[in-house]
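Dear colleague,

Please find below the structure that I am handing over to you. I would be grateful if you would read the notes that follow it.

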Amino acid sequence: SGSADATAIGQRMISAHATRQELKTLHEEAMSKFSALLNAEQLEKFKKLHERHEHDGVRRMHGFGHGF
């Protein structure tokens, strides 16, 4: 039938969380390695760009588009 098994849903939620954590760790490692390749000026620009990207991402998560 169309009903969902609560245990199966719970297991999928746990799995999804673990995957998000793994991706977050991989992303942080990649950004660290990439940052190490940059000179001081490039690193400063990259940090500003990354901060702006994170800020825009939070705005999108809360239903705001660009330009608001």
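The notes below set out what was found, beginning with the chain as a whole.

This is a predicted model, in which local features need pLDDT of at least 70 and side-chain atom pairs count only at pLDDT 80 or more, while totals for chains, interfaces and linings use all residues. Residues are numbered from 1 along each chain as its sequence is written, and side-chain values use heavy atoms, with hydrogens and water left out.

The protein chain contains two helices and zero strands (DSSP runs, numbered from the N terminus: H or I of at least four residues for helices, E of at least two for strands). Of its 68 residues, 6% count as buried (buried is under 20% relative accessible area, exposed over 50%, and partly exposed in between, with a 1.4 Å probe and protein chains only). The chain exposes about 6200 Å², of which carbon and sulfur atoms supply 60% (Shrake-Rupley method, 1.4 Å probe).

Helix α1 covers residues 6–36, 31 residues in number, and its first and last C-alpha atoms are 45 Å apart, close to the 45 Å expected (1.5 Å times one less than the number of residues). At its start, a side-chain oxygen of Asp5 comes to within 3.1 Å of the backbone nitrogen of Thr7.

Two further residues of this helix deserve mention: Phe34 and Ser35. Phe34 is partly exposed, at 38% relative accessibility, and its C-alpha atom is separated by 9.9 Å from that of Phe46, 12 residues apart along the chain. A polar atom of the Ser35 side chain lies 2.8 Å from the backbone oxygen of Met31. Neighbours within four places in sequence aside, Ser35 is in contact with Leu43 and Phe46 (heavy atoms within 4.5 Å).

The structure holds one salt bridge (a side-chain nitrogen of Lys or Arg within 4 Å of a carboxyl oxygen of Asp or Glu). Its partners are Lys45 and Glu41, at 3.5 Å, N to O. The two are four residues apart in helix α2 (residues 40–61), and are therefore separated by about one helical turn. Lys45 is exposed at 55% relative accessibility, and Glu41 is exposed with a relative accessible area of 54%.

Yours sincerely

How values were computed: Polar contact = N/O pair within 3.5 Å; in protein donor to acceptor, adjacent residues only side chain to side chain.
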